Amino acid sequence: MKHLRNLTAAAALPLASAIFASAVFASATPASAQDTLKMTIGQRGNWDTAITQLGTKAGIFKKHGLELEMVYTSGSGETLQPVIGGAVELGLAVGTLGAIAAYAKGAPVRIVGAQATGAADYWYAKSSSPIKTLQDTNGRTIAYSTNGSSTNSVVRAFVSEYKLTAKPTPTGNPSATLTAVMTDQVDVGWAAPPFGLKELEAGTIRVVAKATDAAIVRGQTIRVLVANADALAKKKAVIERFMQAYRESIDYMYSDNPQVIKDYAEFVGIPESLAKRTRDEFFPKSLINPDKIEGLDSLSAEAVTLKFIPAPLTAEQTKELIQIVPRK
């Protein structure tokens with residue numbers, strides 16, 4: 001597909017984020033490990049985005065000769081831009097539709113693994129709000145993180161599937177979103193466990209919808225791991241080692257080792273009981289399996305419907321875009 005000059009709003013990415021990421025990495029202290037990989041990661045604190053953090057704490061990436069430089073972002077749009085610009089080699093938790101759209105427009109993006117198949121994300125309102133279902137959001141504002149993110153795709157799908165007149169509104173990370181909801185800046189917020197569980201238990205907010213209420217989410221890979229195409233070509237062996245360590249970190253996260261729950265609780269700043277509940281109730285291991293992109297045909301069709309791309313990717317384009325490193 002030829003490079004398209006005009007980016008849609010869904011794929012528009014803030015320049016400030018790219019400048020910020022470039023500044024961060026330009027000033028980073030040189031790593032002592034044999035190989036260093038720089039990456040942006042969407043949504044600090046989510047169980048499914050803590051894989052590199054927990055794997056690093058357990059010494060798994062070091063064992064594979066890797067030093068990771070990680071910068072967390074408020075969402076997929078901010079995660080993807082530094083990858084496109086070459087400031088980082090990898091972007092973790094990038095919305096699949098955003099990655100497809102960027103590639104279709106000529107961006108040097110390649111998918112090297114699945115990040116989330118299905119989702120634990122949910123949408124909520126204040127308990128005092130009259131909004132109880134998606135149908136109640138007509139004429140109201142409904143939050144998503146950033147343009148081009150998976151939450152952006154899900155909200156657009158809500159509007160399309162349920163014929164809503166709700167106004168999608170970017171609110172950034174879950175913390176900023178909760179503040180916006182509680183101060184009536186937005187009617188319906190979004191979050192992913194463990195964020196919001198304490199508020200749900202306290203009864204200050206209630207769930208309006210889950211990501212799986214949208215057909216685009218059920219059985220589909222909604223977020224992916226992406227690499228800069230040039231970095232993938234030049235550092236293929238390093239990125240292959242990264243993916244092996246990433247898989248090993250996932251295995252560790254679902255082991256009986258109690259240290260992983262302790263480390264996650266400390267990382268997020270929550271009780272260990274809540275950390276364990278987050279993993280056991282909301283994130284089955286299959287959700288973060290990196291080995292296969294599920295529902296690609298329907299995702300491609302959805303990308304066209306939501307105007308992320310003008311036409312489905314060809315088989316040749318799909319092969320170039322998706323280059324998952326085989327499991328050893």
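**Close-up views of a predicted model**

The side chain of Thr-278 lies 2.8 Å from the backbone oxygen of Leu-274, a polar contact (a pair of N or O atoms within 3.5 Å; within protein, one must be able to donate a hydrogen and the other to accept it, and residues adjacent in sequence count only if both atoms are side-chain atoms). The model is predicted, with residues numbered from 1 along each chain as its sequence is written. Local features need pLDDT of at least 70 and side-chain atom pairs count only at pLDDT 80 or more, totals for chains, interfaces and linings use all residues, and side-chain values use heavy atoms, with hydrogens and water left out.

View 1. Helices (H or I, at least four residues) and strands (E, at least two) are DSSP runs, numbered from the N terminus. Thr-278 counts as buried because its relative accessibility is 0%; buried means under 20% relative accessible area (1.4 Å probe, protein chains only). Apart from neighbours within four places in sequence, Thr-278 is in contact with Trp-47, Pro-193, Pro-194, Leu-197, Tyr-264 and Phe-283, where contact means heavy atoms within 4.5 Å.

**View 2. The open sheet of five strands, in the order β2-β1-β3-β10-β4.** Its pairing is mixed; two strands pair if DSSP finds at least two bridges between them. The edge strands, β2 (66-73) and β4 (109-117), each pair on one side only. From one strand to the next the twist averages 25°. Helix α10 (residues 236-253) packs on this sheet, touching β1 (35-42), β2, β3, β4 and β10, and its direction makes about 60° with that of β1. Axes are lines fitted to C-alpha atoms, for helices over the stretch in contact, and angles run from 0 to 180 degrees between N-to-C directions. Strands β3 (residues 90-95) and β10 (residues 221-228) pair in the antiparallel sense over five bridges, with Leu-92 opposite Leu-225.

**View 3. Strand β6 (residues 141-144) and its crossover to β7 (residues 167-170).** Thr-141 and Ala-143 point one way from β6, Ile-142 and Tyr-144 point the other way, and all are buried. The two strands pair in the parallel sense over four bridges, and Thr-141 stands opposite Lys-167. Between β6 and β7 the chain passes through helix α6 (residues 150-161), forming a right-handed β-α-β crossover; right-handed denotes that, with the strands pointing away from the viewer, the path from the first strand over the helix to the second runs clockwise.

**View 4. Strand β5 (residues 122-126) and its two partners.** Five of the five residues of β5 are buried, so this strand is largely enclosed by the rest of the structure. Strand β8 (residues 189-191) pairs with β5 in the antiparallel sense over three bridges, Tyr-122 being the bridge partner of Ala-191. Strand β9 (residues 205-210) also pairs with β5 in the antiparallel sense, over five bridges, and there Trp-123 has Ala-209 as its bridge partner.

**View 5. The largest nonpolar core, with 56 residues.** A nonpolar core is a set of buried Ala, Val, Leu, Ile, Met, Phe, Trp, Tyr and Cys residues joined through side-chain atoms within 4.5 Å. Residues with the most contacts inside this core include Leu-97, Trp-123 and Ile-216. Helix α5 (residues 96-104) gives the most to the core, with seven residues, and nine of the nine residues of α5 are buried. After α5 comes Gly-106, whose phi is positive, near 95°.

Definitions and conventions. Buried < 20%, exposed > 50% of the residue type's maximum accessible area, 1.4 Å probe, protein only.
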